[in-house]
Every structure is written in C-alpha cells, then in structure tokens.
Amino acid sequence: MTHYDALETRPRAQRQAEQLSALNALLAAPPAPALAARLEGQGPLADLAALATLPVLRKSELVALQAEHPPFGGLTARGAGGFRHVFQSPGPIYEPGGGAADWWRMGRFLHACGIGRGDVVQNCFSYHLTPAGAIFESGAAAVGAAVLPAGTGQTDLQVRAAHDLGVTAWAGTPDYLKVILDRAEEQGIRLAITRAAVGGGALFPALRAEYADRGIACRQCYATADLGNIAYESAALEGMIVDEGVIVEIVRPGTGDPVSEGEVGEVVVTTLNPDYPLLRFATGDLSAILPGESPCGRTNLRIRGWMGRADQTTKIKGMFVRPEQVAELVSRHTEILRARVVAGRDGAQDTMTVCIETPDATGSPDLGARIADSVQAVLKMRGTVTFLAPGALPNDGKVIEDTRSYD
C-alpha cells in the first residue's frame, strides 16, 4: 500500500527543519493572549532540542485558564463561534473543533489501516459532547470513505445496519467491536467488516488475535480530544508512528526534562495547528521512544504506545505526594540519579520508602542525613531512605508506587 503522502517518508533532518520552522513561526507571533503570556521574551529556537526550555502545559491548568479566558483559555484567538464544533470534557474543559479538512489528522491513520474510497465505515465513537465521533468522521472524509454515524449502544440496530449497508470497516473502542460481532453471530448474520480502526482503550493481544481469526485486521491509534491524532500503528505492528503534525517528547514525570531513548516517561506533545497551538502539552500518559524506523517505510519517530498514567499522585499518611515533589527532591542533590517513593503498609499504618539511585549505592551517613532532611522538607513527612545502584529501579516511568492492598 502506498503511503498517505510524502511527509511520511521525509528524511528525519528535513522533517526536523520543517517542524522547527513552523514552531518558530508560532513563537514569533503567538495567536492568543495566554499563549503570548507564556512565551513572553521567548526568541526563536535554534533546534528542536531547545523545545525542552519552554514551559510544560498540563491539562489540569486548562480549567483555571479557561475560567480566566473563556472559553478556550486564551490559547486561541477565536471564540466559540469561530469553530465548527465545541466539545466538553470532564472538568469541565472545552475543546474546539475546526472546519478545515481533517483538522484532527485522522486520515493518515485510517489510510494506514487500509481504509479508503469505496469503504463504508461504521463509526461507533460517541458523537455527543466529546469529539471522538467527529474526529474519525473527518478522517474518513479525508480518505474518501462513506460513514455510518452509529455512535454507541443499540447493538441490534448496529448489527442490522452493518449487514444491510455492507459495512466494510469499523471505528470505535477496541472491545465494542467484539460485542457487535458476537451479537451478529448469535443472530446468524454475516458481516463484511475486514478492517478496524480502534482507540480510546487498550487493544490487548488476545483481542487483536481474535479479530484476526475472524478476518479483521485491527489497528490502533493514540489520540486525545485536545491534540487529535498523536501516533498510530501501521501494518508493520512495531510500535506507534508519530503523526506528522505533532512533535512528541518523552519526559520524566513531574518535570519537563526529556529522558533517554527507551526510557519510560510522560508523553508531552506540541501540535503545530495554528488554529489551536498547544506547546509542550503534557498528556499524563506514559510511553517510551523506540529506536530506528518502522519497516513499513515511514520515517518518523516511533513510541511504544500507551503504557499507563504519569499522574501517580498518591495519599500517604494523609498527605498527597505528587510527581513534581519527587522531581524537586532529585533536583536538590546532584548525587541522586533517579528516585521513587514507595507507599506501603505496616499493620494499620502507612509507610513511605524513598528509593534513591546513586553512584554511592552504600549511602554514606552524611548523604543519608541530607536526603532525609530533604524528604521531610519536600514531602512533608518522614520516610525510610534506601540507596540503590544506578539502573536498579524498573524502567516503567513510575516515580511513585503504591504497594498497599485495599482488599
């Protein structure tokens, strides 16, 4: 299958140069007041690595920003009437939806799924308040496919429509397709679905294999209401390829500091959409960068896909411990390479162990005392400090681990 466009096979140096140019254009003329305030005094970036010097924007900040600059937090120059759609996420947080063709860039993923002209896509993502239905509809339009806007629920009607209309492709959450297929099987109805584009949940290997056994090639994407498509699978099924319209960084949770290739951290995304530019938007999701390029010929960065949540805030001894506090603890001591707070239980009492990776794995008394004082000052409680050799902590992106059983 041919690629969607020439952007997918650009040499990396060309892609980085073109993304840097687009990014610097946004920095030179921020199109919205809150964005301009965040970037005050910021000059052009010398390279994409310098993106790490810009502040991270967390989704939790959007609620306050939108209260101050309704409805979109001063991150776009347009009001609600300047967009085709306005959506609402829990918070509440409001997201715009543009009228430009494939505004969320979902066509690239559907093309990679083998969906195109002549297909009928049963779109089982929600069309109410949240943007998922509209996102996939715009992607289907971009590849020339017809859409059955099915939404969620009414399984019997969905089965009947899929049969009567000769639906060939399906879009929705990974598990709902199985509900439809099983109901069709119960009713003795044969469906013509051969491709599935899924998102919004985990696609477990056993479920993918079950769909394959039923003659359906199932691929998944990673997208959010704020950013649109971030990354997607191709037929190679080796990680997720980053979309051409965004820049992805993986940072240590609680910080904006990029981690090394292969290390698990939080996904931070910069979207180059001038209608709604989000710079260094922290998704709260964990992933890691894969080395090399996809065998399918697409040359962009690859990530391992969704690997859990980065917001690991946990209450210990009645006090909240946040990833930002663990990051501050690390920043206070040059001897600390990595740290992890472990919440445990001793009888009816909470315990807190602070695991420290340091070249001085034996933990000199002086270092131990200084770190214990910092633990008290930063985390607001005492805990046991344990020293570990470099690399001893798991590569899972966790800086706070809760081992307590709540059974």
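Four strands make up an open sheet, arranged S1-S13-S12-S11 with mixed pairing; two strands pair if DSSP finds at least two bridges between them. S1 and S11 are the edge strands, and each pairs on one side only. Helices (H or I, at least four residues) and strands (E, at least two) are DSSP runs, numbered from the N terminus. S11 and S12 run antiparallel and are joined by six bridges. Within that pairing, Val246 stands opposite Thr271 in S12.

This is a predicted model, where local features need pLDDT of at least 70, side-chain atom pairs count only at pLDDT 80 or more, and totals for chains, interfaces and linings use all residues. Residues are numbered from 1 along each chain as its sequence is written, and side-chain values use heavy atoms, leaving out hydrogens and water.

Here are some elements to look for:

| Element | Residues |
|---|---|
| Helix H2 | residues 33-38 |
| Strand S1 | residues 57-58 |
| Helix H5 | residues 132-143 |
| Strand S11 | residues 246-251 |
| Strand S12 | residues 265-271 |

Now to the interior. A nonpolar core is a set of buried (under 20% relative accessible area, 1.4 Å probe, protein chains only) Ala, Val, Leu, Ile, Met, Phe, Trp, Tyr and Cys residues joined through side-chain atoms within 4.5 Å. The largest one has 64 residues, and Phe109 and Phe136 are among the members that touch the most others. Helix H5 supplies the largest share of this core, five residues. A second, separate core has 21 residues, including Leu148 and Ile216.

For contrast, Gly41 lies in the loop between H2 and S1. Gly41 counts as exposed (over 50%) because its relative accessibility is 86%.
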